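Subject: Handing over a structure

Hi there,

Here is the structure I promised to pass on to you. Have a look at it first, and then read on for what turned up in it.

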Amino acid sequence: MSETVKRTISGIIYIVLLLSATLYDALTFKILFGFFLLVAAYEFAKLIKLSPFFCVGISAIALVALFQNAITISITAFVIATFLILLAITAELFTTRKPNRSLPVKLLLFLGYILGTFTAFLHLPYTADGYQPQIVIGILILVWTNDTFAYIVGKKWGKHKLFERISPKKTIEGLLGGIVFAIIASLVLNHFFTLLNVYIWIASAIFVGLFGTLGDLVESHFKREAGVKDSGKIMPGHGGILDRLDSILFISPFLYIIFQIL
């Protein structure tokens, strides 16, 4: 089987599984992304040289607490702390020196980059009226639209490199093209998914374009530091869970804060 065929089949399975689990009910959504959390914890632990089994164990305990609503800390406070950790990680992109991280720093990175982002994502579809899958579906559509058109515009018209040292193929033209088409997609979503108003959808599209790209660059930074091409091998032709969810996870704390404000 060719690499293209494997990539296509695994991509279709991933999208169908993701959409069906999200749309069916809150439990299947939690189960699927809970599984993704455990896999992502294992992958990230290997990237930054932490104990994978310790990280998976901590993630499993956090999942049980989330499922049973046993977490007593403020989710918003935790997400804001995650936001600050992600900003600190982003700052690493601007240094050429290889980080020499201590164990406490690695644990803090894991807490923010994995547990914090997944916590934010798992809380995105909840409003005062309960579980609203259209929020997750809408965000996924914005991410896929941004990624697709950032690639198309960048490949066709891209001339100015965005961050060549980390990701040689990304261009400023691709970034702007992805944002423009994501905004167009947000206007379309506003007609079908009326739970959020048009301003929130447009703001979400802009955040997806900006911070989704940052999320991709940050994950590329971690992989380059670890000397690997993919974060894992769970998806043939695509790599690991982090390779598929890097943009979505990175923007989740930012979107959570926007939703709380607006």
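A pocket here is found on a 1 Å grid over the protein atoms alone: it is an open set of points with protein on both sides within 12 Å along at least five of seven lines, and its lining residues have an atom within 4 Å of a point. Grid points are joined across faces, edges and corners, and a volume is the space filled by probe spheres set on the points.

Please note that this is a predicted model, in which local features need pLDDT of at least 70 and side-chain atom pairs count only at pLDDT 80 or more, while totals for chains, interfaces and linings use all residues. Residues are numbered from 1 along each chain as its sequence is written, and side-chain values use heavy atoms, with hydrogens and water left out.

**The largest pocket**

The largest pocket holds about 1800 Å³ of space. Of the 45 residues that line the pocket, Arg 7, Tyr 151, Lys 170, Asp 216 and Arg 244 are the closest to its centre. Elements giving two or more residues to this lining include α1 (3-24), α6 (133-157), β4 (167-171), α7 (172-192) and α8 (198-226); helices (H or I, at least four residues) and strands (E, at least two) are DSSP runs, numbered from the N terminus. The most comes from α6, with nine residues. By class, the pocket lining has eleven nonpolar, 16 polar and 18 charged residues. In this scheme Ala, Val, Leu, Ile, Met, Phe, Trp, Tyr, Cys and Pro count as nonpolar, Asp, Glu, Lys and Arg as charged, and the others, Gly among them, as polar.

**The cavity**

The structure also holds one cavity of 30 Å³ or more (a set of points where a 1.4 Å probe fits but cannot get out). The largest cavity has about 30 Å³ of space, and is lined by Leu 37, Ala 62, Leu 66, Leu 115, Phe 118, Thr 119 and Leu 122. Helix α5 supplies the largest share of that lining, four residues. The cavity lining has six nonpolar, one polar and no charged residues.

**Helix packing**

How do the helices α4 (residues 75-91) and α5 (residues 103-123) pack, and at what angle? Their angle is about 130°, and their axes are 9 Å apart. (Axes are lines fitted to C-alpha atoms, for helices over the stretch in contact, and angles run from 0 to 180 degrees between N-to-C directions.) That makes α4 oblique to α5; angles under 35 degrees count as roughly parallel, over 145 as roughly antiparallel, 65 to 115 as roughly perpendicular and the rest as oblique. The contact (heavy atoms within 4.5 Å) involves, among others, Phe 78 and Ile 85 of α4 and Leu 108 and Tyr 113 of α5. Its residues divide into twelve nonpolar, six polar and no charged.

Helices α6 and α7 pack at about 145°, with axes 7 Å apart. Among the residues in contact are Phe 149 and Trp 157 of α6, and Gly 177 and Phe 181 of α7. This contact has eleven nonpolar, eight polar and one charged residues.

Finally, α2 (residues 26-48) packs with α8 at an angle of about 50°, their axes 8 Å apart, which makes α2 oblique to α8. Phe 44, Leu 47 and Ile 48 of α2 meet Phe 222, Lys 223 and Ala 226 of α8.
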